[in-house]
Amino acid sequence: MTEIVECTGLYHIYKTGTLEVVALQGLDLKVAEAEMVAVVGRSGSGKTTLMNILAALETPSAGQARVAGIDIVALSARARLEYHRRVVGYVWQNARASLVAELTAAENIQLPLLGTGLARGERLSRTDSLLAMLKMGDRADLRPASLSAGEQQRLAVAVALANLPRLLLADEPTAELDRAAAGRLLQDLARLREELGITVLLVTHDPLVERNVDRVVRIRDGRTSTETRWSGSADEAVANELVIMDRAGRIQIPGVHLEALRLKDRVRIRRQGDRLVISRHDDEEEPE
Ligand SMILES: Nc1ncnc2c1ncn2[C@@H]1O[C@H](COP(=O)(O)OP(=O)(O)OP(=O)(O)O)[C@@H](O)[C@H]1O
Ligand SMILES: [Mg+2]
């Protein structure tokens, strides 16, 4: 499997006046080509910071980040422009605000295509096919204000995909959508991934999104803490977790297991050959 995103030991410190905020502290992340991955974590855990770094809008304070083989930490101004244009598409947190209110849906998609050397005919056909993929062909001539919230969000996706990037970043794409619109957007993203072969990395708080991606990466205190790979159907997903252990041997047991096994306070850890079994402390008392 080829990796399209490879981050190692990313640090990011925001400096505002005399204040320093450490947003990322040693984050590692790998995403394979054509994978659909959700990044989750509580507010302030560094998710948007990570997206901004991958979009080459912020330069990390330390660490390595490569996207599609390109070292995005050391981009020249010209290479950065090229990177924005060809490699990455970004659907911002609150993406609907990034649409140009005076332009129609079709014109919003054409905007990032201007100045790319693409002939007018190609720009129009690209726009048509993106609108068609999002089943918004009949919305081409409407302005954002005349579109539903879900359609506005799908239009923001089309704008981000206008230059056919290899990596689509989307920050909380379903946050302001009702459940039906959120489900629709997820289906569209999955289909776009199939049809365009793009990789999708999204930030979310939405359990619906978590259940509909290949993998969930959890960020805690500026670094990745657990990963969930879903196997089987989305609804009866069986989670196979990879958890990071710190140097003192502490691990965080994912919440799904805590709930399912009602683990609380004291838990029992038993060694069975080369594995450890964690269970409730009242689970089959064994002689000490
Ligand atoms: N431009 C900035 N200047 C200073 N501090 C910032 C800036 N942007 C983010 N931070 C701080 O960095 C930390 C990580 O912020 P970030 O926006 O990446 O979190 P997030 O996980 O996206 O949160 P949310 O879920 O609320 O969107 C937070 O403590 C935040 O206050
Ligand atoms: Mg954020």
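1. Of the protein's 288 residues, 32% count as buried. Buried here means that 20 or more other C-beta atoms lie within 10 Å of the residue's own; exposed means 12 or fewer, partly exposed in between, with C-beta atoms placed from the backbone. The model is predicted: local features need pLDDT of at least 70, side-chain atom pairs count only at pLDDT 80 or more, and totals for chains, interfaces and linings use all residues. Residues are numbered from 1 along each chain as its sequence is written, while chains are lettered from A and ligands numbered from 1 in the order in which they are written.

2. Overall layout. The C-alpha trace spans about 80 × 45 × 40 Å along its principal axes. Secondary structure comes to 8 helices and 13 strands. These are DSSP runs numbered from the N terminus (helices: H or I, at least four residues; strands: E, at least two).

3. Domains. The protein is divided into domain 1 (3-231) and domain 2 (253-280). The bounds come from an automatic or database domain assignment. The two domain centres, taken over C-alpha atoms, are separated by 36 Å.

4. Contacts. Take the contacts between residues at least 6 apart in sequence: 64% of them join residues at least 24 apart. A contact requires C-beta atoms, placed from the backbone, within 7 Å.

5. Ligand 1. Its shell consists of Tyr14, Thr16, Val21, Ala23, Gly41, Ser43, Gly44, Ser45, Gly46, Lys47, Thr48 and Thr49. The criterion is a C-beta atom, placed from the backbone, within 6 Å of the molecule. Strand S1 (3-16), strand S2 (19-32) and helix H1 (47-54) each supply at least two shell residues. H1 gives the most, with 3 residues.

6. Shell composition. The residues around ligand 1 divide into 3 nonpolar, 8 polar and 1 charged. The classes are: Ala, Val, Leu, Ile, Met, Phe, Trp, Tyr, Cys and Pro nonpolar; Asp, Glu, Lys and Arg charged; the others, Gly among them, polar.

7. Helix H4 (residues 120-133). It has 14 residues and reaches 20 Å from first C-alpha to last, close to the 20 Å expected at 1.5 Å a residue. The expected span is 1.5 Å times one less than the number of residues. Just after H4, lysine 135 takes a positive phi of about 50°.

8. Which residues of H4 are buried? They are Thr127, Leu130 and Leu131. They lie on the same side of H4, because they cover an arc of only 100° around the axis. The arc is that of the directions from the helix axis to the C-beta atoms. On the other side, Gly121, Glu122, Ser125 and Ala132 are exposed. The cover over the buried residues of H4 includes helix H3 (105-110) and helix H5 (149-161).

Note on methods:
Contact = placed C-beta atoms within 7 Å.
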